[in-house]
Amino acid sequence: MCIICASPIGVPQPTETQLRTMFDSNPHGAGYMTVCNGRVAIHKGFTTIDDFLRQVRSERFGIDDPVVYHFRISTQAGVTPQMTHPFPLTSSLEACEALDVLCRVGIAHNGIIQMTTDRRNTRYSDTALFITKYLTRLITKPEDAHDPVIRAMIHKLIDSKMALLTGDGVISTVGHFITDLEGRMFSNTSYIPARKFNMEDASWKNFFAGC
């Protein structure tokens, strides 16, 4: 199902432990987007955590950098670098395959979009198809990405979650996100390390005592 992690301006970046946990839980490729000279810069297609972390470290992101991270689990079009997220807002499916791109609006998605799900399509994901066929008609200029009415329309169509980034550094979300104590936003709980089963744990002892 994937996970999105968003760090708006003024919010710390996710820790390396969080990045590793998200990749381990969603291991079909990773990517991120940030801003560069008034444009959205997308870098994706990382198929190992080491390659991903090496690239992220080289960016030296800080609290003043808006960054959206994405970790994928494939539900359509297989496991390929080209179908990792984020994607640019574009009407071209071929442009969705670019691993490094500058654009006006970047999009990361978490969930399954039923209206563009097609198991016979082995090249393009439901997200890529939705962006090129429908989202470009809803978002015609960057500021549309932050319009609450438009975002509500998007949510009605996809019934899932998105993070939208524009060249001014503003991140907007579609659907419910979890905000941690430091302000980072997560589209689900797969950033939390799985708790190991421990029979010595008092809570487990109490559970079995009641059986």
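This note reviews the salt bridges of a predicted model.

1. Overall count. The model holds eight salt bridges. Side chains of opposite charge can pair when their charged atoms come close. Three of these contacts are discussed below, together with the accessibility of their partners.

2. Arginine 57 and glutamate 16. These two side chains form a salt bridge, with an N to O distance of 3.1 Å.

3. Arginine 123 and glutamate 97. Here the N to O distance of the salt bridge is 2.9 Å. Arginine 123 sits in the loop between β7 (105-110) and α4 (126-138), while glutamate 97 sits in the loop between α3 (93-96) and β6 (100-103), so the pair ties together parts 26 residues apart in sequence. Arginine 123 is partly exposed, with a relative accessible area of 44%. Glutamate 97, by contrast, has a value of 18% and is therefore buried, the cut-off being under 20%.

4. Lysine 141 and aspartate 144. The closest N and O atoms of this salt bridge lie 3.1 Å apart. Lysine 141 is partly exposed, at 37% relative accessible area, whereas aspartate 144 is buried, at 8%.

Terms used:
Residues are numbered from 1 along each chain as its sequence is written. This is a predicted model: local features need pLDDT of at least 70, side-chain atom pairs count only at pLDDT 80 or more; totals for chains, interfaces and linings use all residues. Side-chain values use heavy atoms; hydrogens and water are left out. A salt bridge is a side-chain nitrogen of Lys or Arg within 4 Å of a carboxyl oxygen of Asp or Glu. Helices (H or I, at least four residues) and strands (E, at least two) are DSSP runs, numbered from the N terminus. Buried means under 20% relative accessible area, exposed over 50%, partly exposed in between (1.4 Å probe, protein chains only).
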